[in-house]
Amino acid sequence: MLPCILNKSLSVKVKPFGATLTSIRSEKTGREFLWQGDPKIWNGQSPILFPIIGRLLADTCLIDGKPYSIVRHGLARHRAFALAEQTDTSLTFLQESDEETRKSYPYDYRLFVRFALSDNRLTVTHTVENPNGRDMYFSIGAHPAFNCALGDRLTFEVPQTLDSLRIDTDSLLTDRRDRILTDSRTLVLTAHLFDRDALIFEGVQSKFVTLQRKDGVQIRFHFGDAPYLAVWAKPAAPFVCLEPWYGVNDGYAPVSDFSKKRGIVKLSAGETFAFSWDATFSEG
């Protein structure tokens, strides 16, 4: 049995491997809000991205002058978390560095992920602790996928003009920028919206975006102060990923050190870094 929390509105299940959300279900109607994965389309559901976002150039970075290879979207999603605490309405998981993680990422770390329910809202908080006696550098992000259909809409909090950064077939940033919104709040999910892969927005003025489905379901997704927001799905797939990122893919210009990587987070010795996203579910 997977760890589960529930209240009168929602039930949530989390798989300890990767601290991966596997279900967000309405207790009133039985409706499943989270994409359930399909190996023919995309088998993921809600991976946690740490200590990198996207891909490194040549899958390698330099840390203190030494080369390290870190897999795309990082190592946390490929490793187990321990269930550190459970209450009726919250689950907290912990992943810690070890001899294996230090082979690809030389910093020690403690990564907590807490899932908490309040009425019809799920809040997911990611906390990184730096137990090293020096600064550490990392990126972190979330990648939840929500069920939807073509023609459903994403509505931002405020009208804005947004250009998307673009990655290529090697998952590396290019110099290309595409205008996606012009003084508008609404993005329609079409069959070809993601033909060039993810939309990656930088400096979004809104703090939340609402997935408005034609069946009356609304999911208000609050991403706070994340410097990047990625929106992604496989072309014409019946889901959409809403991804707050503290970091971004490498481009083609070599970076002299991991600490100089675009969007990197610096965390001083003994300090903690935390960010949350939350989703509020309404069924019309």
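Visitor: Leaving aside neighbours within four places in sequence, which residues is R177 in contact with?
Guide: With those neighbours set aside, R177 is in contact with S164, L165 and R262, where contact means heavy atoms within 4.5 Å. This is a predicted model, in which local features need pLDDT of at least 70, side-chain atom pairs count only at pLDDT 80 or more, and totals for chains, interfaces and linings use all residues. Residues are numbered from 1 along each chain as its sequence is written, and side-chain values use heavy atoms, with hydrogens and water left out.

Visitor: Which strand is R177 found in?
Guide: R177 is found in strand β14. Strands (E, at least two residues) are DSSP runs, numbered from the N terminus.

Visitor: What separates the C-alpha atoms of R177 and L199?
Guide: They are separated by 9.9 Å, and the two residues are 22 residues apart along the chain.

Visitor: Let us change topic. How many residues has the largest nonpolar core?
Guide: The largest nonpolar core has 90 residues. Such a core is a set of buried Ala, Val, Leu, Ile, Met, Phe, Trp, Tyr and Cys residues joined through side-chain atoms within 4.5 Å. The residues with the most contacts inside this core are I24, Y105, L122, F138 and F146.

Visitor: Which strand gives the most to this core?
Guide: Strand β19, residues 239-246, gives the most, with 6 residues.

Visitor: What is I24 in contact with, leaving aside its neighbours within four places in sequence?
Guide: Its contacts include L10, S11 and V12, then R31, E32, F33 and L34, and also L122, F146 and F281. L122 and F146 are themselves among the residues with the most contacts inside the core.

Visitor: How do β2 and strand β3 run, and how many bridges join them?
Guide: They run antiparallel, and 6 bridges join β2 to β3, which spans residues 20-26. Two strands pair if DSSP finds at least two bridges between them. K13 has S23 in β3 as its bridge partner. The two strands form a hairpin with 4 residues between them, and G18 in the turn has a positive phi of about 80 degrees.

Visitor: What about β1 and β2, how many bridges are there?
Guide: Strand β1 (residues 4-6) and strand β2 (residues 10-15) are joined by 3 bridges and run antiparallel. The partner of L6 in β2 is S11. The hairpin that joins β1 to β2 passes through 3 residues.

Visitor: Which strands pair with β17?
Guide: Strand β16 (residues 208-212) is joined to β17 by 5 bridges, in antiparallel fashion, and L211 has I219 as its bridge partner. β17 also pairs with strand β21 (residues 272-282) over 5 bridges in the antiparallel sense, where H222 has D278 as its partner. In the hairpin of β16 and β17, with 5 residues between the strands, G216 takes a positive phi near 95 degrees.

Visitor: Which residue has a positive phi of about 75 degrees although it is not a glycine?
Guide: That residue is D197, which lies in the loop between β14 (173-188) and β15 (199-202). D197 counts as partly exposed because its relative accessibility is 27%. A236, also not a glycine, has a positive phi near 65 degrees and lies in the loop between β18 (228-232) and β19. A236 is partly exposed, with a relative accessible area of 43%.

Visitor: Which peptide bond is cis?
Guide: The bond from F50 to P51 is cis, with omega near 5 degrees. P51 lies in the loop between β3 and β4 (60-63).

Note on methods. Buried < 20%, exposed > 50% of the residue type's maximum accessible area, 1.4 Å probe, protein only.
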